[in-house]
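Please have a look at it first, and then I will go on.

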Amino acid sequence: MLRRRAKFFSTTGVTLIEVMVTLTILGFILLIIFGAFRLGFSAWGRGELTKEEYQKVRILTHMISQQIKSIVPHKIKTQKPEGDYLAFEGDARSLKFVSAQSIKAKQPEGLVYVIYQFEEGGDEGGRFILYEQRALNKNFFEEEVKKEIGLSLLEGVTNVRFEYYQEEDPAKNRKEGWVEQWNAREERVLPRLVRLTIAYPAYQPGSKDRKSKGENSSVTVMASIPSYRLEEVRIGPIRRAIPRIPPGGAP
């Protein structure tokens, strides 16, 4: 009787080993499915973070471009032998100038003294900082800027690079092109164009994916300076013709 029952279950039913094998295979399938979903959601999240960071950088570079376009050829009066000079100085990592447009102020406040500076920060990336204050003191361009007024525009930035377009000058044997340094004291004029490139991590700073992949994105903006040439207008004395009155008085 027992042999007949065992034979019946072995031919018509499922053994315990088969059930265990089936559950194991099903578990592997579910694990693969959930892993795929998790990978998809992770990629979607990274894409959203990258998109958000890209939009932030684009808005910021637009504001910087507008401020650079509003640069004023402000002359610094000095008693030094070098004479008066334009308030503009830039290299690859920083830029100083005077503008008629403020980023920090909600309402126009007149001329503002602006400094953009990139500070390296090691593995966590650098900072892109804005220093902005009213151009009231006549020696503001020579004084050290107060660190407490600095505004961190971007953090975790990989690199920031400023470039300046110089025109061709046969007298100085100089060709046109982009340079990484501009000193208005020597040039006596402002650059015609300023190009800014900001490189930032494709993923959020501090994330494991960013550190493992090391991918970077960049945004480049080019701003023209309409008042790049300072023209001095000298007005001579005005002569007015005085009619001559005859001795006998008015006719």
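This is a predicted model: local features need pLDDT of at least 70, side-chain atom pairs count only at pLDDT 80 or more; totals for chains, interfaces and linings use all residues.

Let me begin with F128, which, once its neighbours within four places in sequence are left aside, is in contact with I64, Y116, Q117, F118, L151, S152, L153, L154, V160, F162 and I198.

F128 belongs to the largest nonpolar core, which has 35 residues, and together with I64, I68, F88, Y116 and F162 it is listed as touching the most other members. Which elements each supply at least two residues of this core? They are helix α2 and the strands β4, β5, β6, β7, β8, β11 and β12. Apart from this core there lies another one, made of 12 residues, and among them are Y85, I115, F141 and V145.

Stepping back to the whole protein, we have 4 helices and 12 strands, and buried residues make up 31% of the 251 residues. Of the contacts with a separation of 6 or more, 60% are between residues 24 or more positions apart.

Finally, R174 is found in the loop between β8 and β9, where its side chain is joined to that of E187 by a polar contact of 2.7 Å. Not counting residues up to four places away in sequence, R174 touches Q166, E167, E168, D169 and E187.

Methods:
Residues are numbered from 1 along each chain as its sequence is written. Side-chain values use heavy atoms; hydrogens and water are left out. Buried means under 20% relative accessible area, exposed over 50%, partly exposed in between (1.4 Å probe, protein chains only). Contact means heavy atoms within 4.5 Å. A polar contact is a pair of N or O atoms within 3.5 Å; within protein, one must be able to donate a hydrogen and the other to accept it, and residues adjacent in sequence count only if both atoms are side-chain atoms. A nonpolar core is a set of buried Ala, Val, Leu, Ile, Met, Phe, Trp, Tyr and Cys residues joined through side-chain atoms within 4.5 Å.
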